[in-house]
Amino acid sequence: MAVHGRSTLRDLFDDSPTPHIAHPPHTHHRHFYVATDGSYRAEGGGLGAVIEARDGTRVARLALADTPPDNNVAEYRALHLGLDVLAARVPPGSRVGVLVDHDDLAANVNHAVLTADHPDWEPARPTDVPSRSEYHWRGIRARIGDFDELRAARIDSRVNPAHPLANAPEQYAHVNGGEERCVLPQHGGRIERGYATDAGDATTEIPPPSRAERRAGD
């Protein structure tokens, strides 16, 4: 059960393993959390994503119908989608926790983070990406660079809040109509240059970026 005033995703992240990366207490101080899931069925699948600030403020929920060729591609597409939405709603200096129920995807994300953080670090193994997921993997890697810190935790699909959104996108289509909003962590009653620099839990909503601002950031 989530602690009052804290994100459900934050509690899941804190209690879950992060493949390839040690999980000492200081790494739990994320500003935002994104949980994603992808589903595949012969008649069509779906993509689900849930984004929360660390105090439980909901940033976005998405449930989109999709036709992935297999479940692996669906998982990569879902994370690509979730990170794209996250990058559009939060400051680039944010610390992010990713939650997925796909072992290899979580491991690959953390492997990519280690490689990006330490250019001289010799990868222990090549990154094995499922066939037809290469485009989405490039997008995921590009988005990793948009944040100050990012690491992925592996959670059970039974507790993944994105799981029902991906498996029944038609049933949850109403969540896509939510108001678009950006959320910035607040620091002692003020916001410093739109960046999060401490572990305070308060958040402040700001208007979403204008179309011109989004174009300038592309």
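**Rings, a strand and a loop**

Reply: Tyr 76 counts as buried, because its relative accessibility is 0%. Keep in mind that this is a predicted model.

Me: How many aromatic pairs does the structure hold?

Reply: There are 2 aromatic pairs in the structure. One of them joins Tyr 76 and Trp 137, edge-to-face, at 6.1 Å centre to centre and with 75 degrees between the planes.

Me: Which helices do Tyr 76 and Trp 137 lie in?

Reply: Tyr 76 is in helix 2 (residues 71–89) and Trp 137 is in helix 4, so the pair ties together parts 61 residues apart in sequence.

Me: And Trp 137, buried or exposed?

Reply: Buried. Trp 137 has 7% relative accessibility, and the cut-off for buried is under 20%.

Me: Switching to strand 4. How many of its residues are buried?

Reply: 6 of 6, across residues 95–100. Arg 95, Gly 97 and Leu 99 point one way, while Val 96, Val 98 and Val 100 point the other way.

Me: Which strands is strand 4 joined to?

Reply: Strand 1 (residues 32–39) runs parallel to strand 4, with 4 bridges joining them. Here Ala 35 stands opposite Leu 99. Strand 5 (residues 149–154) is also parallel to strand 4, through 6 bridges.

Me: What is the bridge partner of Arg 95 in strand 5?

Reply: Glu 149.

Me: Last one. Where does Arg 132 lie?

Reply: In the loop between helix 3 (103–117) and helix 4 (134–144). Arg 132 counts as exposed, because its relative accessibility is 53%. Its phi is positive, about 70 degrees, although Arg 132 is not a glycine. Most residues other than glycine have a negative phi.

Terms used: Residues numbered from 1 in each chain as written. Predicted model: local features only at pLDDT ≥ 70, side-chain atom pairs only at ≥ 80, totals over all residues. Heavy atoms only, no water. Helix = DSSP H or I, 4+ residues; strand = E, 2+ residues; numbered from the N terminus. Buried < 20%, exposed > 50% of the residue type's maximum accessible area, 1.4 Å probe, protein only. Phe/Tyr/Trp six-rings, centres within 6.5 Å; stacked < 30°, edge-to-face > 60°. Pairing = 2+ DSSP bridges.
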